[in-house]
Amino acid sequence: MSSDPGSTLGNEQHRTCPQCAVDGQPEPFEADDGFRVAFVCAEHGVHSVVDPFEGER
C-alpha cells in the first residue's frame with residue numbers, strides 16, 4: 001500500500017492499480033487524523049490512499 005501525498009482529486013492516477021492498470025474501487029474510512037479514501041484492486045488489494053481534504057486543514 002502506498003500513500004501518495006502528491007495525489008489530488010484532479011489527478012486520477014491514484015485510482016489505477018500499478019500492477020494491472022485496473023481502476024480500484026474507492027473505500028472511504030476514518031483515520032486518526034481525518035477521513036481518507038483507499039483505492040482497492042480486486043486482485044492486488046489496497047494500492048493507494050488519498051486525503052480528499054488535503055490542503056483544507
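Arg 36 is buried, at a relative accessible area of 13%, where buried stands for under 20%, exposed for over 50% and partly exposed for the range in between, with a 1.4 Å probe and protein chains only. Colleagues, I begin with this residue and then turn to its surroundings.

The model is predicted, so local features need pLDDT of at least 70 and side-chain atom pairs count only at pLDDT 80 or more, while totals for chains, interfaces and linings use all residues. Residues are numbered from 1 along each chain as its sequence is written, and side-chain values use heavy atoms, with hydrogens and water left out.

Which residues does Arg 36 join in a network of salt bridges? The network links Asp 33, Arg 36 and Asp 51; a salt bridge here requires a side-chain nitrogen of Lys or Arg within 4 Å of a carboxyl oxygen of Asp or Glu. Between Asp 33 and Arg 36 the closest N and O atoms are 2.9 Å apart. Asp 33 itself is exposed, with a relative accessible area of 52%. Between Arg 36 and Asp 51 the corresponding distance is 3.3 Å. Arg 36 belongs to strand E2 and Asp 51 to the segment after E3, so this pair ties together parts 15 residues apart in sequence. Both Arg 36 and Asp 51 are buried.

The whole structure contains three salt bridges. One of them joins Glu 12 and Arg 15, with the closest N and O atoms 3.8 Å apart. Glu 12 is partly exposed at 43% relative accessibility, and Arg 15 is partly exposed at 25%.

I now come to the rings. One aromatic pair is present, and Phe 35 and Phe 53 form it in a tilted arrangement, 6.2 Å centre to centre with 55° between the planes. Rings of Phe, Tyr and Trp (its six-membered ring) pair if their centres lie within 6.5 Å; planes under 30 degrees apart are stacked, over 60 edge-to-face, and the rest tilted. Phe 35 lies in strand E2 (residues 34-41) and Phe 53 in the segment after strand E3 (45-50), 18 residues apart. Phe 35 is partly exposed at 34%, as is Phe 53 at 39%.

Finally, the overall picture. The protein has three strands and zero helices, these being DSSP runs numbered from the N terminus (helices H or I, at least four residues; strands E, at least two). Of its 57 residues, 26% count as buried.
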